[in-house]
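Please keep the sequence and the structure in view while reading.

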Amino acid sequence: MTRRLVDVAAVSAAALTALFVAGDAEQTGRATGEALFWGLLLAGVGCLVLLWRRRWPVAVALVVAPMLALTETAVGAVLIAVYTVANRRHW
């Protein structure tokens, strides 16, 4: 039960981060209209992929990390995925 709560909190934190970054990008004019829509959609996919981060941490990080090259709204999902790899994998 506790793990599921932490997973929901991680996905929620990544989603909120995406919304805040998207709002800032729209307000400053860095992203508008269609670019903002696709950025949020990609960040949403990144947030959902985080649900599998415990079972496949490296694979999730490899899927989510390139999203940052396409949109800055995925930064929360990338940070959580990279943290999970650092926390769960050994050298």
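Which residues make a nonpolar surface patch of about 440 Å²? The patch is made by Leu48, Leu51, Trp52 and Trp56; patches consist of residues with over 30% relative accessible area and no salt bridge, nonpolar side chains being joined within 5 Å and like charges within 9 Å. Trp52 sits in the loop between α2 (33–49) and α3 (57–64) and is partly exposed at 47% (buried means under 20% relative accessible area, exposed over 50%, partly exposed in between, with a 1.4 Å probe and protein chains only).

The model is predicted, local features needing pLDDT of at least 70 and side-chain atom pairs pLDDT 80 or more, while totals for chains, interfaces and linings use all residues. Residues are numbered from 1 along each chain as its sequence is written, and side-chain values use heavy atoms, without hydrogens and water.

The structure holds four salt bridges, each a side-chain nitrogen of Lys or Arg within 4 Å of a carboxyl oxygen of Asp or Glu. One of them joins Arg53 to Asp7, with the closest N and O atoms 3.2 Å apart. This pair links the loop between α2 and α3 with helix α1 (residues 2–28), across 46 residues. Arg53 is buried at 9%, as is Asp7 at 7%. Arg54 also meets Asp7 in a salt bridge, at 2.9 Å from N to O. Arg54 lies in the loop between α2 and α3 and Asp7 in helix α1, so this pair ties together parts 47 residues apart in sequence.

Technical notes:
Accessible areas come from the Shrake-Rupley method with a 1.4 Å probe; for residues, only the protein chains shown count as cover. Helices (H or I, at least four residues) and strands (E, at least two) are DSSP runs, numbered from the N terminus.
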